[in-house]
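Please look at the sequence and the structure below before reading on.

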Amino acid sequence: MAGHFPFAGKRGTRYGLAPRGTIAAFFENHGFNDDLQEKYYKWWYDWAKDFVEKDADLSYTMITKFDSYPMGTHAHHSFHLNGKYWPSCLDELGSFIRDVIFPKMDEKAMHDLEEKHAKMIKDLEKEAESNPREAAPDVGLFRHV
C-alpha cells in the first residue's frame, strides 16, 4: 500500500542498507539539490503535522513530535551525515509516517495521497531543471568512516 514513497520500505536489510540511503538515492535520481530536498521534506512534514492535528488519538499523543522543524535526532545538526542531512531527516519523519500514520489510512486516502505526491514530484523535477543538483561523486558520500 505504501510502496510509492522513498521511506516506505523496510528498515535495514541483511546487507545493512538503511532507508536514508534509499532516500538519498531517490533525491539523486530526481536531481534534487539541497533546496529541493528540503521542499520535499517540508511537504511531508506539513502533511504529517496536519494529519496528526486532525486525528483525535494522534493529536493528543504525538503532536509534540512537531514542536520543531525539522523533527528528529538530526534536526539541528548534521555531524556525520556527509551532505545527507535531508535524507536523514526524512528517514525519521518517514518512519513515523509509515509506521503510525499509514496504518490509519484507508485505500482511497492512500490513493489520493499517491496522486498528490506524484504531482509534487513532477513540480520539483521541473524546478530541478533550472536549479540543478551538483554532480554526484564517483564514490558515494553516504558512508560512516
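Two residues are said to be in contact when they have heavy atoms within 4.5 Å. The model is predicted, so local features need pLDDT of at least 70 and side-chain atom pairs count only at pLDDT 80 or more, whereas totals for chains, interfaces and linings use all residues. Residues are numbered from 1 along each chain as its sequence is written, and side-chain values use heavy atoms, with hydrogens and water left out.

The chain contains 5 helices and 0 strands; helices (H or I, at least four residues) and strands (E, at least two) are DSSP runs, numbered from the N terminus. Of the 145 residues, 40% are buried, where buried means under 20% relative accessible area, exposed over 50%, and partly exposed in between (1.4 Å probe, protein chains only). Among contacts between residues at least 6 apart in sequence, 72% join residues at least 24 apart.

How are two packed helices described? The angle between their axes and the distance between the axes are used. Axes are lines fitted to C-alpha atoms, for helices over the stretch in contact, and angles run from 0 to 180 degrees between N-to-C directions. Angles under 35 degrees count as roughly parallel, over 145 as roughly antiparallel, 65 to 115 as roughly perpendicular and the rest as oblique.

Helix H2 (residues 34–54) packs against helix H5 (residues 107–130) at about 160°, with the axes 10 Å apart. H2 and H5 are therefore roughly antiparallel. On the H2 side, the residues that meet H5 include Leu-36, Trp-43 and Trp-47. The residues of this contact divide into 10 nonpolar, 1 polar and 3 charged; Ala, Val, Leu, Ile, Met, Phe, Trp, Tyr, Cys and Pro count as nonpolar, Asp, Glu, Lys and Arg as charged, and the others, Gly among them, as polar.

Leaving aside residues up to four places away in sequence, His-117 touches His-4, Phe-5, Tyr-40, Trp-43 and Trp-44.

H2 also packs against H4: their axes come within 10 Å and cross at roughly 25°. H2 is therefore roughly parallel to H4. Tyr-40 and Trp-44 of H2 are among the residues that make this contact, as are Leu-90 and Phe-96 of H4.

Finally, most peptide bonds are trans. Tyr-69 and Pro-70, however, are joined by a cis peptide bond, with omega about -15°. Pro-70 lies in the loop between helix H3 (56–61) and helix H4 (85–101).
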